[in-house]
Amino acid sequence: MKKLILSLGVMLSAGVCGASVTVSSPDGKLKVVTDVAGGKPVYSVSYNGNTMLENSPLGLRSDVGDFSTGMSIVDSKTSKVSKSFDQDKIKKSHIDYEANQLVVAMKNAAGQEIAVEWQVADNDATFRYVIPRQGETRSMVVESEASGFRFPQETTVFLTPQSEAMIGWKRTKPSYEEFYITDAPMDTKSKFGKGFTFPGLFRVGDKGWVLLSETDVDGYYCASHLSDYNDGVYTIAYAMPEENNGNGTASPGIALPRATPWRTITVADNLAPIVETTMPWNLVEPRYKTSRPGRPGRGTWSWIVWQDNSMNMADQKTFIDLAKDLGYENILIDAGWDQNIGYDKMPELLGYARSKGVRPILWYSSSGPWNDIIQSPINKMDRPIVRKNEMKWLRDNGVECIKVDFFGGDKQETMRLYEDILSDAADYGIDVIFHGCTLPRGWERMYPNHVGSEAVFASENLIFEQIFCDMEAFHATLHPFIRNSVALMEYGGTIFNNRMSRDNNSGNTRRTSDAFQLATAILFQNPVQNFGLTPNNLTETPEDAISFMKNVPTTWDDTKLIEGYPGRYVVLARRHADKWYIAGVNALKEPLKLKLNISSLGLKSDAGMIYADDKEKGVKAKELKIKKQDSVPVEVRPDSGFVLVIE
Ligand code: CA
C-alpha cells in the first residue's frame with residue numbers, strides 16, 4: 001500500500017493525459033476501459049469483443065471530498081502481477097495468478113486525488129480505490145460509492161436479497177439466508193427493497209456470465225452489497241443504519257492512505273471459470289501466522305436432527321461415539337451446553353471425547369447488544385476481556401475449535417468483531433466457524449484459523465420448514481455457481497433420515513435420495529464438514545452410503561465444473577490427492593441422461609466406482625467402466641444425484 005501511494009505521487013506529477021485507458025487480461029480476451037464522461041468516472045468490460053458491462057459508474061463520496069463528479073484523469077500506469085501460492089481450505093490447493101494491473105490517477109474539481117486500481121486476469125476484472133492523504137487530512141468517512149454495474153439489456157440475474165435489518169429469529173437478520181431469484185429480469189425488485197447480497201450471478205444473454213463479489217474486507221471497512229436495479233445500474237451499497245440494532249456507523253471510517261476492498265467481476269463465455277475462480281484469494285495475503293494451519297475434518301452434531309433436547313451429557317456422548325464409529329475427527333456441541341450440561345461437567349464430556357480420539361467444537365453466540373438471542377453461552381465473545389478469559393478456559397480444556405453464531409450484519413463495527421474473534425482465537429490455538437453471519441470475503445487466506453462460515457440457507461432449514469425439503473435440490477444446484485464459488489460454505493448437510501426428526505417418523509419429509517445426500521458432501525465445499533448423520537443411520541442406511549461417508553474427504557486439490565446450469569442441475573469434479581470425486585445432482589422434474597465429458601481431468605484409469613440410486617432412495621456402489629472419457633453415460637432421477645470416484 002505504502003509503495004503504491006508513493007508511486008501514485010510520482011505519477012501525479014508526471015502530467016495530465018486525459019484520454020481513456022485500457023487494460024486487458026494476459027490472454028487478451030478480457031478488456032476494461034476506464035474513462036471520464038461529463039466529469040463522471042466510468043468503466044466498461046468486454047470479453048471476446050462482447051460487451052459484458054456497459055459504461056458503469058466509478059467513484060465515491062466522502063466527508064473530505066466528492067470523488068464521483070468533476071473528475072479528470074491525470075495519469076495512468078500499467079504493470080504486471082504474477083504470484084504462486086498454496087492455499088488450504090478452498091477449492092484448489094495451488095494457485096498461479098497472472099494479471100495486468102492498471103492504476104488510473106484522477107482528481108476532482110478541488111484538485112483532490114484518488115486512484116482506481118485494476119487487476120485484470122484472464123477471467124477476472126477487479127478494482128478498488130486507493131485514497132492518499134488529502135493535504136493535512138488523514139481521516140475520512142466514506143459516505144457512499146458511485147461504483148456500479150450496468151449490464152446489457154438482455155441480462156438476467158441470479159440473486160438473493162439483502163434482508164431488512166433486525167427481523168427474523170430473535171431479530172438476528174441480515175444473515176445471508178434468503179431465497180434466490182433465478183434467470184429473472186434485471187428490474188425484478190428485491191424482496192425487502194434493500195438490494196441483493198454478494199455474490200451475484202448475471203447471465204448476459206448468449207454472450208456469457210458475470211459473477212460479482214468483493215474480497216479483502218476486514219475491520220478497516222464495512223461489507224457491501226448491491227442496490228436494487230435503478231436507472232439501469234446496480235450500485236455498491238453499504239450496510240444499513242438499522243443493522244446491529246443501530247450500533248456502529250453504516251459508513252466506514254478510514255485513516256489515509258487506505259485502499260477500499262476489491263470488487264471482483266468474474267467474466268466468461270461459459271460457467272466453468274465462474275465455478276473455478278480463485279479471485280477472492282488471489283488478491284489477499286495472510287494477516288497473521290498461527291501455531292498450526294486451520295484444521296479440516298468431519299464431524300457429527302446432535303443438534304441438527306435431534307435438536308435442543310439433545311443438549312445433554314448422554315446424547316452428546318452418543319454423538320461422540322457416532323463420530324468415533326464413522327472415523328470422524330470432530331464432535332460439534334451446539335447451543336445450550338453451558339446451561340444443560342454446565343461448565344463444571346464439561347471437563348467430563350470433553351475428556352470423554354478426548355478418550356475416543358474425537359475433537360470437540362463448542363458453540364457460542366456472538367452477542368452482544370445487537371439481537372434478542374438467549375441461546376447460550378452468550379456475552380462471551382463480544383468484548384476482549386471476557387472473550388480472552390473464555391478462550392483461556394477453552395485452551396485449558398483442550399477445545400481447539402469454536403462455532404460463533406448470530407452476528408449483527410455488515411457494518412464496519414461487525415467486521416471488526418469477526419476479525420477480533422479470529423485474532424484472539426488464533427492466540428489461543430483455536431479455529432473458528434461463523435454461523436448466522438456475513439459472506440466471508442477472502443477470509444480463508446487472510447485468517448489462517450477461519451474454517452467455516454454459513455451465510456446460506458443451511459441444513460437447519462430442512463428441519464424448520466417443509467418448503468426447504470421441497471426445494472433442496474434446487475438450492476443445491478445454485479451454490480456451486482454462486483455462494484460456494486467465492487467462499488467456503490458451512491452447510492451441515494448429508495442427512496439420511498427420511499423424516500427430519502430423532503424418531504425418523506415425524507417432522508418434515510426428505511424429498512431427495514440418499515445418492516443426492518452423498519453428492520452434496522462433495523458439492524458443498526468447506527474444510528470442516530459437520531454432517532447430519534444420526535446413530536440409526538449406521539443400521540438403517542445402505543452400507544455403501546455409510547462406507548462412502550466414512551471415507552469422504554473435506555479438502556481439495558482441484559475443482560472443475562463438468563456441466564450444469566444454476567437451478568437445473570450440476571456436475572462438479574473435485575480432486576483429493578490422486579482421487580477424483582465427480583458429483584452431480586438433478587433439480588429438474590425429469591430424469592437427466594448425461595454423457596459426461598471428463599477428458600479434462602487427465603484420468604489414467606478406465607474404471608471408477610459410481611455411488612448412485614439403488615431402490616427408491618437407497619444407494620448402491622457399482623464399478624463403472626469408462627469406455628470414452630468424453631462421453632460417460634450417467635442417468636440421474638429428479639431429486640437425486642450420484643458420485644463417481646476415480647483414482
Ligand atoms: Ca443459520
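Which residue of strand 19 stands opposite isoleucine 131? The residue opposite isoleucine 131 is arginine 258 in strand 19. This report describes a predicted model, in which local features need pLDDT of at least 70 and side-chain atom pairs count only at pLDDT 80 or more, while totals for chains, interfaces and linings use all residues. Residues are numbered from 1 along each chain as its sequence is written, and side-chain values use heavy atoms, with hydrogens and water left out.

Helices (H or I, at least four residues) and strands (E, at least two) are DSSP runs numbered from the N terminus. Two strands pair if DSSP finds at least two bridges between them.

| Strands | Sense | Bridges |
|---|---|---|
| Strand 7 (residues 94-107) and strand 8 | antiparallel | 8 bridges |
| Strand 8 and strand 9 (residues 124-131) | antiparallel | 6 bridges |
| Strand 9 and strand 20 (residues 262-268) | antiparallel | 4 bridges |
| Strand 9 and strand 19 (residues 258-259) | antiparallel | 2 bridges |

Strands 7 and 8 form a hairpin with 5 residues between them, and glycine 111 in that turn has a positive phi of about 85°. Another hairpin, through 3 residues, joins strand 8 to strand 9. Across the strands, tryptophan 118 stands opposite phenylalanine 127 in strand 9, and alanine 115 stands opposite valine 130 in strand 9. Phenylalanine 127 also stands opposite arginine 263 in strand 20.

Buried means under 20% relative accessible area, exposed means over 50%, and partly exposed lies in between (1.4 Å probe, protein chains only). Strand 8 (residues 113-120) is mostly covered, with 7 of its 8 residues buried.

**Nonpolar cores**

A nonpolar core is a set of buried Ala, Val, Leu, Ile, Met, Phe, Trp, Tyr and Cys residues joined through side-chain atoms within 4.5 Å. The largest such core has 172 residues, of which Trp118 and Ile265 touch the most other members. Apart from it lies another core, of 22 residues, among them Val571, Ile582, Leu594 and Phe642.

Contact means heavy atoms within 4.5 Å. Not counting residues up to four places away in sequence, the contacts of isoleucine 265 include Trp118, Phe127 and Val210.

**A residue of helix 5**

Leucine 322 is placed in helix 5 (residues 313-326). Leucine 322 counts as buried because its relative accessibility is 3%. Leaving aside residues up to four places away in sequence, leucine 322 touches Thr300, Leu533, Thr534, Pro535 and Leu538.

Donors are N, O and S atoms within 2.8 Å of the metal (3.2 Å for Na, K and Ca); water is not among the atoms, so sites may look incomplete. The protein donors of the calcium ion are Glu177 (OE), Glu177 (OE), Glu454 (OE), Glu454 (OE) and Glu460 (OE), at 2.4 to 2.9 Å from the ion. Glutamate 177, in the loop between strand 12 (155-159) and strand 13 (181-185), and glutamate 460, in helix 11 (residues 460-464), link distant parts of the chain, 283 residues apart. Both glutamate 177 and glutamate 460 are buried.
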